[in-house]
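Work through these exercises with the structure open. Try each task before reading its solution.

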Amino acid sequence: MTGRPGGRPLVPAYLATGGAARHPRLRLERLSLLRRSDRAVPDGLPPAHLALLDELAEGALTAVEAAALLRLPFSAVRVLAGELVDQDLLVARAPIPPAERFDPDLLKRVADGLRALKH
Amino acid sequence: MIEIPDLVAGGLAAGTLSALALGGGLLHARRQLSRQRAESDALRRQLDEATRAFTSEIEHLASRRLPAAARALAHPHVVVPGPLAPETTGTPLGRALDGVLQGLRVELAAQHVRVDAAAQAGMRGATREIQAALYRLQDALRGLQQQYDDPELAHTLFQLDHENEQSLRRAQVAAVVCGAWVGLAREESHLVDAVTGGQARLAGYRRVAVHHHLRPGTALVSHAVEPVAIITAELLDNALRHSSPDTEVLVSLEHVHHGVCVTVDDAGVGMTSDERERAQRLVAGREPILLTDLGDPPRMGLAAIGQLTRQFDLSVDVSTISPYGGVRAVLLVAEHLLSRIDPTERPPAASAPRSTRETVSERYAVDTAPPTGPADGRTPQTPVGDPPDAPAHTYGAEPPGNGAPRVPAHAAPGTGVRGVPEHDSAYDSAPDDALDTGGLPRRRRRTPAATGQEPAPRPAAPQAAAPHRAEQAAAALGALQSATAAARAAGGAAHTPNDSDHTDHEGGAAR
């Protein structure tokens, strides 16, 4: 997904985030949904942030889709999204976890624990 | 009787006379001899003197003049002393001695060039290998960046990628100085990408501010991409190195009459007129480069720029003083090295600065999109923002609006290139008519569809409905086209890989 079939990308990914790949607060997963908020875009936003907002102008996308469209690794988009969420320009929502059957063992242990508390 | 004494007397007289004559001659001869002896003594002394003078002249040549002449080749300020006796100058001896010096100079210079060429060849070979290895490392690092999400690991990978870029720059510059090819073939690329790429190769890239005033889509022909990136990186490196860490280095990209100008301004210490002259001589690239001229440690940046400007018909000027007090370096890319890329089909890298000329069409869309959201009743995005059960459903449901037009783009089989624009223009026509962009380029996106409604009168109901109608129309057209395409494909129309490549790409850009 890096770049086009034509060759190696000229602009490395770390330039998008200024070298950062961590965001202190936001826990974003690959399938987290990103959506633009209603806030107007302020001036002086770095180009990569603007590019992400542009991609989302048409509607919500998962983080990994946005990364593919921006031709950036997911870790870079996670930082961009985190910074935009901090500025209330973006809304991120955790992916819907696939439905699972409850673990009967766990339920049983919880029930046992509750009963033990009661006594 | 008388005759005898007469005879005797006569004989005696004759004898005396002849004795006298002989004696005089002898005396004369002796005097001459002594004079000649004195003369020859004088001459011998003179000869000894001359020999001594000649010897000391040769000694002087060997001990003083030859070393000085040899040194003067490397250090032009060294003065070569004249002959010991000033009057020798101009005489055959003087000319012969000068001939010796001249012969030495010529031979030394030739030797110098040969040795340097050998050193360059050695270094070229080594750096070439290193460069190739670093490119392989880069591929590996970028593969890992795509693969792993862990923030700590990703952070380290970014750092490694940056370190790798810097090493790569050094290896590449050394190779270029030694007369090697830039080492990487690139495809036609946006000029701003080349400049941003050059910026990314430096340790202090965060201090660089790029101002992009070019028409969107201004690009470089393939063989000029890497040289421009290298030159920009080296100019920026110089600027960053010679300015204080709390100042910015400004880069501006502008159109000029003969092409495009990349101007690098720093607010650093500047150069003295000597340094400026030397730098200008190096970047002009008119003289062959000798490694020994580059100093220790060798300063390769300017020399590499010189090599590239000569090979690729670029021109660099560092002779001006920046208005910020530092150096202003100007790279001029001539018209014949420029080309155009459609920015809608192949947008520049996400982290490349936006063109200021894009503002009218592009930023307009960005700035006005959020206000339109609430205004048209949050039509396109509402479902996503709604209660928890909605997202999975609506997100899945969105593609009909979003994705349906894309299907025909992928499927449009025989028509290839033509299929896509046709479709897009049908899709976009309404907003295009509604919003006159004054011939400025604009992306083919759905955003303009929303902004296109903006200038229209604002009765609530029709406006809320409008995007729906546009989308429905698009979906209907898309469905029709995809059905036709499917039928054609079923009918056995060839689906070449080339087509699918293209449409993939197109789909990515136009979505």
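This is a predicted model: local features need pLDDT of at least 70, side-chain atom pairs count only at pLDDT 80 or more; totals for chains, interfaces and linings use all residues.

**Exercise 1. Describe how helix 6 and helix 7 of chain B are placed against each other.**

Solution. 
- Locate the helices. Helix 6 of chain B spans residues 273-284, and helix 7 of chain B spans residues 301-312.
- Take the axes. They come within 6 Å and cross at roughly 40°.
- Classify the angle. Angles under 35 degrees count as roughly parallel, and 65 to 115 as roughly perpendicular. The two helices are therefore oblique to each other.
- List the contact residues. Helix 6 of chain B contributes Ala279(B), Leu282(B), Val283(B) and Ala284(B). Helix 7 of chain B contributes Leu302(B), Ala303(B), Ile305(B), Gly306(B) and Thr309(B).
- Sort them by class. The contact has seven nonpolar and two polar residues, with no charged ones.

**Exercise 2. Outline the fold of chain A, from its elements to its burial and contacts.**

Solution. 
- Count the elements. Chain A has five helices and three strands.
- From the N terminus, the run is α-β-α-β-α-α-β-α.
- Check burial. Chain A has 119 residues, and 41% of them count as buried.
- Check contact range. Take the contacts in chain A between residues at least 6 apart in sequence; 72% of these join residues at least 24 apart.

**Exercise 3. Compare the UniProt feature at residues 26-53 of chain B with the model.**

Solution. 
- Read the record. An unreviewed UniProt entry places a "coiled-coil region" at residues 26-53 of chain B.
- Read the model. Over residues 26-53 of chain B, the chain is 100% helix and 0% strand.
- Take the span. The end C-alpha atoms of this stretch are 40 Å apart.

Notes: Residues are numbered from 1 along each chain as its sequence is written. Chains are lettered from A and ligands numbered from 1 in the order in which they are written. Axes are lines fitted to C-alpha atoms, for helices over the stretch in contact, and angles run from 0 to 180 degrees between N-to-C directions. Helices (H or I, at least four residues) and strands (E, at least two) are DSSP runs, numbered from the N terminus. Angles under 35 degrees count as roughly parallel, over 145 as roughly antiparallel, 65 to 115 as roughly perpendicular and the rest as oblique. Two residues are in contact if their C-beta atoms, placed from the backbone, lie within 7 Å. Ala, Val, Leu, Ile, Met, Phe, Trp, Tyr, Cys and Pro count as nonpolar, Asp, Glu, Lys and Arg as charged, and the others, Gly among them, as polar. A residue is buried if 20 or more other C-beta atoms lie within 10 Å of its own, exposed if 12 or fewer, and partly exposed in between; C-beta atoms are placed from the backbone. UniProt positions are given in the numbering used here, feature names are shortened, and annotations may be inferred rather than shown by experiment.
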